[in-house]
Amino acid sequence: MSEKICNLTFEEIKELAELVADKKLGKIDIKVQDSRIVIEDKEMPVSVPVPVLANSETPQPAAVSSVHANMPQEVKEELPKSETVSGNAVKAPIVGTFYSAPSPEKPAFVQVGQQVKKGDILFIIESMKLMNEIPSEYDGVVKQILVSNASAVEYDQPIMIIE
């Protein structure tokens, strides 16, 4: 029987390391009770959040791969801090993947310059295989869209500006 770290065998850890490199994930951080293991690709800067697996059962590498299979390789940076932005920032209420349209063949929910009302659907954030429609909290005109379609977004990250 091989030694286990964070309830993972050496072979499972090796598979996760290969997954990080192959999928260009950057980093996987696993914490189980008082044990922690971090697998990081030194050649790729970490630019997306990685969920922590924290259950007492042995995590399966396939489960980790399904979480990251559709994660984009690049995340668009926020506006430069020197640029002033006026208006109301619509922020991501959850961590996930931003989609501007209900499906690839359909038009975007909103475009820059479009008038929106409180309650109108602005975009979708996919999280844990669930599609979450995000409604507008404001009446106004879409001034800027700060992220590109299919980009990973973090909680409270500004997505668009409504003026």
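I began with strand β7 (residues 115-116) and strand β10 (residues 140-145), which run antiparallel and are joined by two bridges; V116 has G140 of β10 as its bridge partner. I take strands, as well as helices (H or I, at least four residues), as DSSP runs, a strand being E over at least two residues, numbered from the N terminus, and I count two strands as paired if DSSP finds at least two bridges between them. The model is predicted, so local features need pLDDT of at least 70 and side-chain atom pairs count only at pLDDT 80 or more, while totals for chains, interfaces and linings use all residues. Residues are numbered from 1 along each chain as its sequence is written, and side-chain values use heavy atoms, with hydrogens and water left out.

I followed β10 onward to β12, to which three antiparallel bridges join it, and found I145 partnered with M160 of β12.

Next I looked up the open sheet of four strands, which has the order β9-β8-β6-β11 with antiparallel pairing. Its edge strands, each pairing on one side only, are β9 (130-135) and β11 (152-153). Strand β6 (residues 96-99) pairs with β11 over two bridges, and G96 stands opposite V153 there.

Last, I turned to the largest nonpolar core, which has 15 residues, with L122, F123, V153, I159 and M160 having the most contacts inside it. Such a core is a set of buried (under 20% relative accessible area, 1.4 Å probe, protein chains only) Ala, Val, Leu, Ile, Met, Phe, Trp, Tyr and Cys residues joined through side-chain atoms within 4.5 Å.

Notes: Buried < 20%, exposed > 50% of the residue type's maximum accessible area, 1.4 Å probe, protein only.
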